[in-house]
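Q: I have a model on my screen and I'd like to learn how to read it. Can you walk me through it, one feature at a time?

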Amino acid sequence: MPVGTCRVQVLRSAADWSHGVLREDSIQQAYIGLIRESNHCIYIENQFFISACGPDQPIENQIGTALVQRIISAASEGRKFKIIVVVPAVP
């Protein structure tokens with residue numbers, strides 16, 4: 001039987017409407033940290049996955065950029081690496 005370890009983090013958002021916080025980026029920072037530290041794969045399941053990677057974009061989060069950087073890093077190291085992003089058709 002295969003044995004291994006897995007680091008998992010469940011995230012929940014907080015905002016002005018839900019928690020009285022005007023600008024909160026702990027989820028973005030958690031995503032970016034986990035993406036940078038990942039070894040073999042990344043699995044993201046999010047009903048509203050919105051990100052951008054280029055300059056002058058209306059989307060300000062850096063999750064897409066972190067994914068691109070992780071892909072480039074794995075490719076330059078010659079390592080197998082997978083990213084799976086699941087977005088439901090109907091939120």
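Q: Let's start with Y31: does Y31 count as buried or exposed, and why?
A: Keep in mind that this is a predicted model. The idea is to look at relative accessible area, where under 20% means buried. Y31 comes in at 14% relative accessibility, so Y31 counts as buried. You'll find Y31 in helix 2, which covers residues 26-37.

Q: How do I see what the chain brings together in space? For instance, how many Å separate the C-alpha atoms of Y31 and I44?
A: Compare the separation along the sequence with the distance between C-alpha atoms. Y31 and I44 are 13 residues apart along the chain, and their C-alpha atoms are separated by 9.1 Å. A30 and I63 make another case: 33 residues apart in sequence, 9.7 Å apart from C-alpha to C-alpha. Across the protein chain, take the contacts with a separation of 6 or more: 60% of them are between residues 24 or more positions apart.

Q: What is the overall layout of the protein chain, read along the sequence?
A: List the helices and strands in order. Here there are three helices and two strands, and the pattern runs α-α-β-α-β. Of the 91 residues, 21% are buried. The accessible surface comes to about 7,300 Å², with 56% of that belonging to carbon and sulfur atoms.

Q: Now a loop residue: where is N46, and which residues is N46 in contact with beyond its neighbours within four places in sequence?
A: N46 sits in the loop between strand 1 and helix 3. Setting aside those sequence neighbours, N46 is in contact with Y31, V86, V87 and P88. So the buried Tyr from our opening case turns up again as a partner of N46. There is also a C-alpha distance to check: N46 and V85 are 39 residues apart along the chain, with 7.8 Å between their C-alpha atoms. N46 has 21% relative accessibility, so N46 counts as partly exposed.

Q: What should I look for in the backbone angles of D56?
A: Most residues other than glycine have a negative phi. D56 is not a glycine, yet D56 has a positive phi of about 55°. D56 lies in the loop between strand 1 (41-45) and helix 3 (63-77). D56 is exposed because its relative accessible area is 80%.

Q: How many salt bridges does a search of the whole structure find?
A: Side chains of opposite charge can pair when their charged atoms come close. The search finds one salt bridge. E77 forms it with R79, and the closest N and O atoms are 3.7 Å apart. E77 has a relative accessible area of 45%, so E77 is partly exposed. R79 is partly exposed too, because its relative accessibility is 37%.

Q: What about rings: how many aromatic pairs are there, and what lies over the face of F81?
A: A pair of aromatic rings is described by the distance of the centres and the angle of the planes. Searching the whole structure gives zero aromatic pairs. Over the face of F81 you'll find R70, at 4.4 Å from the ring centre.

Q: Last one: which residues form a nonpolar patch on the surface?
A: Look for nonpolar side chains with accessible area. Y43, I84 and V86 form such a patch, with about 260 Å² of accessible area together. I84 belongs to strand 2, residues 82-86. I84 has a relative accessible area of 40%, so I84 is partly exposed.

Terms used:
Residues are numbered from 1 along each chain as its sequence is written. This is a predicted model: local features need pLDDT of at least 70, side-chain atom pairs count only at pLDDT 80 or more; totals for chains, interfaces and linings use all residues. Side-chain values use heavy atoms; hydrogens and water are left out. Patches are made of residues with over 30% relative accessible area and no salt bridge: like charges are joined within 9 Å, nonpolar side chains (Val, Leu, Ile, Met, Phe, Trp, Tyr) within 5 Å. Accessible areas come from the Shrake-Rupley method with a 1.4 Å probe; for residues, only the protein chains shown count as cover. A salt bridge is a side-chain nitrogen of Lys or Arg within 4 Å of a carboxyl oxygen of Asp or Glu. Helices (H or I, at least four residues) and strands (E, at least two) are DSSP runs, numbered from the N terminus. Buried means under 20% relative accessible area, exposed over 50%, partly exposed in between (1.4 Å probe, protein chains only). Rings of Phe, Tyr and Trp (its six-membered ring) pair if their centres lie within 6.5 Å; planes under 30 degrees apart count as stacked, over 60 as edge-to-face and the rest as tilted. A charge sits over a ring if NZ of Lys or CZ of Arg is within 6 Å of the ring centre and within 35 degrees of the ring normal. Contact means heavy atoms within 4.5 Å.
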